[in-house]
Amino acid sequence: MHTHKFDEMLILVVIIVLDLALGTFPFGSNFSNIGGFTSGFLLGFVILTRRQHHWLNLNKSNTSQKQESYQYALRIISFVLLSVGLVGGGVLFFKGVDLNDYCSWCHYITCAPPSCKPGYISCEDYQIGNKLNVTCLNNGISGIFSLSNRNPDEQAEELCYRLCGK
């Protein structure tokens, strides 16, 4: 079915690496990338499993039964893992469980090197007239503030610390 298997696999690996790299940027999440990849991989076994007809026609021995039972076993195992993962993840999500409380190194999966430092804060701000809109990128809290006669950059930094809770 695929004539250039190495090229196609190389393209998939490059896409996976790019997805994981983009997941380290602010507002990105490698947990969603990993979850989507795992779900897609398991769904591929559940939905796209089919017998290899050209193989069955070449060998009329009982290898076809082994092929079928192997595929059915993969389909069942994948379906069970996918169901447990989706139901378990949904229950944890709706209960508000933060798995970072149970995993000390998991925060490194979704951060780029400068933002991995403890206490590092990052804000995005823009000015419209005498109003300054500041958003803390660590927690997503934002606010609009009136500017005084001081330096706007100093005010933005001060407001950033206030919004991020530092």
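Helices (H or I, at least four residues) and strands (E, at least two) are DSSP runs, numbered from the N terminus. This is a predicted model, in which local features need pLDDT of at least 70, side-chain atom pairs count only at pLDDT 80 or more, and totals for chains, interfaces and linings use all residues. Residues are numbered from 1 along each chain as its sequence is written, and side-chain values use heavy atoms, with hydrogens and water left out.

**View 1. The protein chain has 5 helices and 3 strands.** Read along the sequence, these elements follow the pattern α-α-α-α-β-β-β-α. Of the 166 residues in the protein chain, 18% are buried, that is, under 20% relative accessible area, with exposed meaning over 50% and partly exposed in between (1.4 Å probe, protein chains only).

**View 2. Ile16, Leu20, Ile34, Phe37 and Phe41 make a nonpolar surface patch of about 440 Å².** The elements that give two or more residues to this patch are helix 1 (5–22) and helix 2 (30–47), and helix 2 gives the most, with 3 residues. Accessible areas come from the Shrake-Rupley method with a 1.4 Å probe, and for residues only the protein chains shown count as cover.

**View 3. Leucine 20 is found in helix 1.** Leucine 20 has a relative accessible area of 36% and is therefore partly exposed.

Conventions:
Patch = residues over 30% accessible without salt bridge, like charges linked within 9 Å, V, L, I, M, F, W, Y side chains within 5 Å. Salt bridge = Lys/Arg side-chain N within 4 Å of Asp/Glu carboxyl O.
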